[in-house]
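Take your time with each exercise, and try it yourself before you read the solution.

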Amino acid sequence: MAITLTENAAKQIQSQLKKNGKGIALRIGVKTVGCTGLAHTFDIAEDIKPTDHSFESHGARVLVDAKSLVFLDGSRIDFVTEGLKQLFKFDNPNVDNECGCGESFNVKKTLLDIKTTGTAS
């Protein structure tokens, strides 16, 4: 299981941690929302929880809880500028489709089966 960062994403995480004045990593996860089902969450992590998985790239660390890792495993995170917006962008191989506005996503059925039953069908 792995999450990787581009150099741009790593620089942004380091910048945000420095600007915040505290924190050891960017905590990422998923929550149920939106028209498609799931959305990414971001927070500054001040400690590592027992259920966290830690990943480092280019000198920056991200933490992901075990439940979210099922949906985010294999993701590559970049930090991009799109028009006037700057954002973390996920290249997630588990995504089946996204809503039109790009705020929420759904995952492949096999992942939903694993999440609800504990086994792939």
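**Exercise 1.** Is Glu7 buried, partly exposed or exposed?

*Solution.* Keep in mind that this is a predicted model. Step one: the relative accessibility of Glu7 is 44%. Step two: buried means under 20% and exposed means over 50%. Step three: Glu7 therefore counts as partly exposed.

**Exercise 2.** Which side chain meets Lys11 in a salt bridge, and where do the two residues lie?

*Solution.* First, the partner of Lys11 is Glu7, with an N to O distance of 3.6 Å. Next, look at the positions: both residues lie in helix H1 (residues 7–20). They are 4 residues apart, about one turn of the helix.

**Exercise 3.** Which parts of the chain does the salt bridge between Glu46 and Lys22 link?

*Solution.* Begin with the contact: the two side chains meet at 3.4 Å, N to O. The pair links distant parts of the chain, 24 residues apart. Glu46 sits in the loop between strand E3 (37–45) and strand E4 (52–57), while Lys22 sits in the loop between H1 and strand E2 (25–33). Finally, Lys22 has 45% relative accessibility, so Lys22 counts as partly exposed.

**Exercise 4.** Are Asp52 and Arg27 buried or exposed, and what does their salt bridge tie together?

*Solution.* The closest N and O atoms of Asp52 and Arg27 are 2.6 Å apart. Asp52 lies in strand E4 and Arg27 in strand E2, so their pair ties together parts 25 residues apart in sequence. Asp52, at 12% relative accessibility, counts as buried, and so does Arg27, at 15%.

Notes:
Residues numbered from 1 in each chain as written. Predicted model: local features only at pLDDT ≥ 70, side-chain atom pairs only at ≥ 80, totals over all residues. Heavy atoms only, no water. Salt bridge = Lys/Arg side-chain N within 4 Å of Asp/Glu carboxyl O. Buried < 20%, exposed > 50% of the residue type's maximum accessible area, 1.4 Å probe, protein only.
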